[in-house]
Amino acid sequence: GFDFNAYFEHGHTYARLPPADDPDAAAKLQRLPPSHASRVFAALRAAQVPIVVHNGLLDLLHLYDKFLGDIPETQAAFGEAWAAQFPMLFDTRLIAQEGR
């Protein structure tokens, strides 16, 4: 499978993605080098695949800050902003705790 640790260990560059509603977003992403870490995150956003984490709140905050924008001030605002980009999120720790 894909190894994020190995990918980032080699010092690949990254930048915040253009907003999804930016009409030039696709063109801006195409200008990035193939090894640019932002391309991975953009592909996940475009594919609208489920994001699965385990106890991943800090990871999500870090990803948001580095790839999407400034972290919103409130928990509710962050949840709405994240869901607007990645509508399917599963945290296996929460699932295990809730027994669902």
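Helix H5 gives the largest share of the lining of the second largest pocket, 5 residues. A pocket here is an open set of points on a 1 Å grid over the protein atoms alone, with protein on both sides within 12 Å along at least five of seven lines, and lining residues have an atom within 4 Å of a point. Helices (at least four residues) and strands (at least two) are DSSP runs, numbered from the N terminus.

This is a predicted model: local features need pLDDT of at least 70, and side-chain atom pairs count only at pLDDT 80 or more, while totals for chains, interfaces and linings use all residues. Residues are numbered from 1 along each chain as its sequence is written, and side-chain values use heavy atoms, with hydrogens and water left out.

Back to the pocket. Its lining has 14 residues, and Leu57, Leu60, Gln75, Phe78 and Leu89 lie nearest the centre. Helix H4 (57-67), helix H5 (75-85) and strand E2 (89-91) each give two or more residues to that lining.

Next, two loop residues. Gln48 sits in the loop between helix H3 (37-47) and E1, and has a positive phi of about 55° without being a glycine. Asn55, in the loop between E1 and H4, is also not a glycine and has a positive phi, near 55°. How exposed is Asn55? It counts as partly exposed because its relative accessibility is 47%; the partly exposed class lies between buried, under 20% relative accessible area, and exposed, over 50%, with a 1.4 Å probe and protein chains only. Gln48 is partly exposed as well, at 34%.

Last, strand E1 (residues 51-53) holds Val52, which counts as exposed at 55% relative accessibility.

Note on methods: 1 Å grid on protein atoms, 1.4 Å probe; cavity = no way out; pocket = protein on both sides within 12 Å on 5 of 7 lines; lining within 4 Å.
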